[in-house]
Every structure is written in structure tokens, then in C-alpha cells.
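I opened this notebook to record what I looked up in the structure and what I found.

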Amino acid sequence: MTAAKPIAGAKVEEMSFAVVGSSERLSIGQPKDRWTMLFVYRGKHCPRCKRFLNKLNDALPAWKDVLDVVVASADTKEKAVTDQEEFGWDFDLCYGMTETQMRSLGLYVSTPLSDAETTGLFAEPGAFGIRPDGTLMLVDISNGPAARPDLDELLDGMKFNIDNNRPERGTA
């Protein structure tokens with residue numbers, strides 16, 4: 001099964017995620033007062049994800065000056081809590097992403113190579129810039145762990161897009 005590409009400028013399907021350390025769920029796709037950057041990572045089993053998320057955490061104050069940051073995976077609560085305890089990340093770490101949510105975002109979905117990797121379907125990496133009105137402005141998806149956006153370039157580009165109210169690209 002494949003997923004359709006996300007459509008820049010279209011409304012993001014409203015969805016919510018459980019958050020480590022909170023009884024509240026975090027939602028995307030609904031109107032809010034700030035931009036949101038959603039980063040989807042593969043899960044606890046992925047060392048490349050940890051390196052990327054550690055870099056994101058180091059740069060988090062600069063990101064939070066511009067927009068809200070949400071990080072999500074299909075991991076179980078136990079796996080997400082273990083990662084949060086080990087790495088001490090400061091961003092909202094969400095877990096329990098469903099296959100329906102993955103496919104709604106147009107993410108590539110993988111099956112584990114073995115039970116040692118993980119036990120269920122998981123999303124490959126993605127980054128989504130979401131406008132305050134809940135529409136998709138920017139999409140970056142990968143079919144594997146090695147292709148990730150450069151966080152400095154991405155933040156610089158998002159600042160430019162926000163400050164200049166740039167239109168979505170890739171709509172022709």
C-alpha cells in the first residue's frame with residue numbers, strides 16, 4: 001500500500017498524539033496562533049533518529065522563537081519514555097502514531113526487519129511546516145533514515161517563509 005503525496009496548501013487532517021509526561025494530547029491541523037513544525041521519526045530503534053533529534057534539541061530555543069515544535073513516532077509509551085529519560089529532550093515527544101495518521105501525512109511506512117528492530121509498522125522520517133490556519137506549507141519526507149533536512153537551513157527557510165508570507169511551492 002502506498003500513500004498519496006501531501007498537497008502543499010491543503011488542510012492537514014486534524015490528529016492528536018499522546019505526549020510523554022503529559023495527560024494532555026497534542027493536536028495538529030486545527031487553527032492556532034502559531035506555526036508548527038512536525039518532525040516524524042522512525043522510533044527508539046533508530047540511531048540516526050537519535051542523532052537528528054539531539055541536534056534538534058540543541059537548536060530548540062531558536063526553533064521555539066519562531067514556531068511550535070512537535071516530534072512524533074509510532075513508538076509505544078514505554079519506548080518513548082525510555083528515550084526521553086535517556087536523552088532528556090526538551091521538545092514535546094509524542095508517541096503512538098497510527099498507520100492511518102502516517103498515511104494521511106503521506107509518509108513512507110516500513111515493516112520491521114526483525115523483532116530486534118521493532119515489532120510494528122513505523123513511519124520513515126518527515127518534516128511538515130504547518131501554517132496557523134492548519135494548512136501545509138512545507139513537506140520533507142524520506143523513505144529511509146539517512147535523508148534528513150539540515151536543521152539550520154530548514155529553520156532559516158521557515159523564518160523567511162513566515163516573515164515574508166511566502167506561498168506554498170510545488171503546486172503546479
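Which are the buried residues of helix 2 (residues 77–87)? I worked on a predicted model, and there I found Ala80, Asp83 and Gln84 to be the buried residues of this helix.

**Entry 1, helix 2.** I looked down the axis of helix 2: its buried residues fall within an arc of 100 degrees, so they line one face of the helix. I recalled that an α-helix has 3.6 residues a turn, so residues three or four places apart point the same way. I then turned to the other side of helix 2, where Glu78, Glu85 and Glu86 are exposed. Next I asked what the buried residues pack against, and I noted helix 1 and strand 5 (92–95). I also checked what comes after helix 2: Gly88 follows, and its phi is positive, near 65 degrees.

I placed Asn57 in helix 1 (residues 47–64). With a relative accessible area of 14%, Asn57 is buried, because the cut-off for that class is under 20%. Leaving aside residues up to four places away in sequence, I listed the contacts of Asn57 as Gly88, Trp89, Asp90 and Phe91.

I followed the strand order and read 2-1-5-4-3-8-9, an open sheet of 7 strands with mixed pairing. Strand 2 (25–28) and strand 9 (136–141) are the edge strands, each pairing on one side only. The average twist from one strand to the next is 30 degrees. I then examined strand 1 (residues 15–19) and strand 5, which run antiparallel and are joined by 2 bridges. Ala18 has Tyr95 of strand 5 as its bridge partner.

Cys46 is in none, and its nearest cysteine sulfur, that of Cys49, is 3.0 Å away; the cut-off I applied is within 2.5 Å. For Cys94, the closest cysteine sulfur is also in Cys49, at 15 Å, which is too far for a bond. I finally looked up burial for these residues: Cys46 counts as buried at 2% relative accessibility, and Cys94 counts as buried at 0%.

Terms used
Residues numbered from 1 in each chain as written. Predicted model: local features only at pLDDT ≥ 70, side-chain atom pairs only at ≥ 80, totals over all residues. Heavy atoms only, no water. Helix = DSSP H or I, 4+ residues; strand = E, 2+ residues; numbered from the N terminus. Buried < 20%, exposed > 50% of the residue type's maximum accessible area, 1.4 Å probe, protein only. Contact = heavy atoms within 4.5 Å. Arc of directions from axis to C-beta. Pairing = 2+ DSSP bridges. Axes fitted to C-alpha atoms, helices over the stretch in contact; angles between N-to-C directions.
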